[in-house]
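This briefing covers a ligand site and a set of aromatic contacts. Please read it alongside the sequence and coordinates shown here.

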Amino acid sequence: MNTAVAPETEAPTEVPAATPEHTRTGMSKASLKQAYIDNLFYIQGRFREVATPHDLYMAAAFTVRDRMLDRWVKSAQVYKTSHARTVCYLSAEYLLGPHLANNLVNLGISEVARRAGEELDLDFEAILEEEEEPGLGNGGLGRLAACYMDSLATVQIPAIGYGIRYEFGIFDQDIQNGWQVERSDTWLRNGNPWEIPRPKISFPVRYGGHTEHSRDQAGRSRVRWVADMVVSGVAFDTPVLGYGVGNVNLLRLWKAEAPESFDFQVFNVGDYYGAVHAKIEAETISKVLYPNDEPEAGKELRLKQQYFFVSCSIQDMIRLHLNTVGPLETFHEKFVAQLNDTHPAIAVAELMRLLMDDHAMPWDAAWDITRNTFCYTNHTLLPEALETWSVALFERLLPRHLEIIYEINRRFLDTVRVRYLGDEARVARMSLIDETGGRRIRMAHLAVVGSRAVNGVAALHSELIKTTILKDFYEMSPERFHNVTNGVTPRRFIVVSNPRLAELITEFCGHDRWIRDLDCLRDLEEHAEDPALQARWREVKTAAKQDLALWLSQHGGVVLDPQTMMFDIQAKRMHEYKRQHLNVLHIIRVYQRLKQNPNLGMVPRAFIFGGKAAPGYYMAKLMIKLINSVAEVINNDPQVNGFIRVAFMADFNVKNGQRLYPAADLSEQISLAGKEASGTGNMKFSMNGALTVGTLDGANIEIRDEVGAENFFLFGMTAEEVRRKQAEGYRPWDYYHGDDELRSDIDLVTSGLFSHGDTNLFRPLADHLINQDPFMVLADYRAYLNCQDRISEVYDRPAEWDRMSILNVARMGKFSSDRSIRDYAERIWGIEPKPIGI
Ligand code: NBG
């Protein structure tokens, strides 16, 4: 139920307000102009004449933020006085993307602000470009958290997002000589106008030391943790406004600081540098985001980070609860805490510790509350991504938590033994401690045992969880397992990034109605065959392709023809399971065909890539080099470059993603079936009218179900076929020798053609494919090529392509993150919307 009014329709007009507006809250053009000039002067301390582009941006940001604060305070008041049940989203990552344009849309003042800007003679686009995005996440998981924050506010669910205020987010990627080069991301260097520091909201977080067990006067056993390091977590708050509503939720990120600026005891005996060192060590904790896909070594700091933000967040929740409704016995009625993957799983032990050690609650009562507070989302089946921590490290860093985990495990395994008499193999499999090899704590098991609900992120993935990694747990309590298919926010990924498409859709789907209820896109369906709509649809796509082509030519120098070329895009993290190399093999095949037959009539294509590789992931970095090397040869070969070109967009992030999604004709979603938990880029592309070439993996399956099999280019093995082939013993060698074209494509990679004669450079990649090929590129190669040929044929029939593209958009309603959040709220959290009007 949405009680709010449509923001753009109700947006303030230029009619003077009946009562004088406050410059900090007024929504008329006049108020916005005045506010902007005031902010430039009183906050940035600048006259217009000497203002830098950054000053101009800051003034715009503060003008928008002021208008959010008004609603924020109101939301907080309503939530507090009504004792609203609240969801706390615990996530180590938030890949937020730029705030300004999104907040303008959600406030409903994009247009009036643009006009105000024009009258002040400001370059609106340049101001938007000036914003440095907070890249506090690696990829899909972090971006999902950001989409969910937007939707929580929009569907009016009281929520707090808790995380870490990394000083350095995901690294910036440069391409030098075809290789990825990482640069540190200094996103805070010019200040962050969207956050409000809360120095008084701070909590101690302890590490190391030992525990002391005793009995209190009542004879109850008590534990005291004597730590040997304490840091302080300080809150930095960012308001998150919903679309067209008064609800503003809170994103609270923690920064690590030394508890006091000097340790005077140390200082007094003269160890000044030692004292400063302790401060530096404390601040290191929230310094930098860890890239994923990194080898395990030396990740002590990562565990420190996880515990740091979890401890601050749980202490904060307890404080909030005691300040309002109290008593702690009803904690789980006030809060539900969603664990975004296992990164915050230590929360289970931390809540137990706080309830028992600090608040003297007995085990059973504490466990009841804990078990009823947490829910866990799994985001991957890849074994190397399932977190475990060595017991030795835990013992050193979190000795009290290790005791609690042992006790949780002891009690849990007792129930397993009672249920499955004599099945010790099962007990070993389900244990929170992996005893094979060095002893390690299985964080996924901790998360499952400590949660009331467990979910995967797409239908297939949720099924696979039940039959593979969490099979034993599913057998024991099937009622706790759910699926919530991921979604993405249409505000950022259509309205902000593709305004032309948004305008066109609005003509057919009701003024702004579709932006809050994406199912309304269905109204497009009946017009899918209409040549007039198709023509306009094509114009919108071509204009977006022109924008991208222009941007790419200015940033990297590749020239693409948006009029004649199909834009075929694969943009996501670089990973072997995502199979960017399968895409490259197709490019090489087309290249060879063109070389053999220069008069080959073919649909011209621009192959566009974007994506970062983890700094320590050699094979992924080699794939980037290969793409750029193939690009160099093809783009400089006049025999083929009229038909095909290859571009690698450096530094794929949210901002750059917003340039790609609108411009794609074809979206590459070609992971090996069973490996991509969901994918969310697949949704962003499709929502912007790209057709998908994809495997039956993750959310691709559901996208295909929604848009119709005839509007989706499917190829490749199913997850079940993959499983069977692996069980039979997969031999990539046979494919290599059994297919002349495949062999010649792989051989070309190592021929030296793409590496200035160096036949060794790409050898590891080719050898790995021929001998191991863990992600079965060779097994799917032929099917992929055939599918690509079909795609070219259809692209040659514009009316057909346009119809399919319109139908893709029309049927994407399910993939709004608003739907995902409603699913969580109804089926998992049991939380009602708390509407706040404007
Ligand atoms: C990723 C999956 C994606 C999925 C996102 C969001 C991790 C651990 N998992 O397929 O690989 O879309 O999570 O759920 O980053």
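**Ligand shell and aromatic pairs**

Phe 685 is buried, because its relative accessible area is 0% (buried means under 20%, exposed over 50%, partly exposed in between, with a 1.4 Å probe and protein chains only). The model is predicted: local features need pLDDT of at least 70, side-chain atom pairs count only at pLDDT 80 or more, and totals for chains, interfaces and linings use all residues. Residues are numbered from 1 along each chain as its sequence is written, and side-chain values use heavy atoms, with hydrogens and water left out.

**Aromatic pairs**

- Phe 685 pairs with Tyr 661 in an edge-to-face arrangement, at 4.8 Å centre to centre and 75 degrees between the planes.
- This pair links distant parts of the chain, 24 residues apart: Phe 685 is in helix α27 (residues 681-687), and Tyr 661 is in the loop between α26 (654-660) and β22 (666-669). Helices (H or I, at least four residues) and strands (E, at least two) are DSSP runs, numbered from the N terminus.
- Tyr 661 is also buried, at a relative accessible area of 5%.
- The whole structure holds 20 aromatic pairs; rings of Phe, Tyr and Trp (its six-membered ring) pair if their centres lie within 6.5 Å, with planes under 30 degrees apart counted as stacked, over 60 as edge-to-face and the rest as tilted.
- The pair of Tyr 474 and Phe 481 is edge-to-face because the ring centres are 5.5 Å apart and the planes lie at 85 degrees.
- Tyr 474 is partly exposed, at 27% relative accessibility, whereas Phe 481 is buried, at 11%.
- One aromatic cluster is formed by Tyr 89, Tyr 148, Tyr 824 and Trp 829.

**Ligand shell**

- The ligand is surrounded by 13 residues, and the closest are His 379, Asn 486, Glu 676, Ser 678 and Gly 679; a residue is near a molecule if one of its heavy atoms lies within 4 Å of it.
- The shell divides into five nonpolar, six polar and two charged residues. Ala, Val, Leu, Ile, Met, Phe, Trp, Tyr, Cys and Pro count as nonpolar, Asp, Glu, Lys and Arg as charged, and the others, Gly among them, as polar.
- The ligand lies between domain 1 (83-98 + 133-485 + 822-829) and domain 2 (561-800), because both give residues to the shell; the domain bounds come from an automatic or database domain assignment.

- An N or O atom in the side chain of Glu 676 is 2.6 Å from a ligand oxygen atom (a polar contact is a pair of N or O atoms within 3.5 Å).
- A polar side-chain atom of Asn 486 lies 2.8 Å from an oxygen atom of the ligand, and one of Tyr 577 lies 3.3 Å from a ligand oxygen atom.
- The protein buries 86% of the 380 Å² that the ligand exposes when taken alone; accessible areas come from the Shrake-Rupley method with a 1.4 Å probe.

Technical notes:
Polar contact = N/O pair within 3.5 Å; in protein donor to acceptor, adjacent residues only side chain to side chain.
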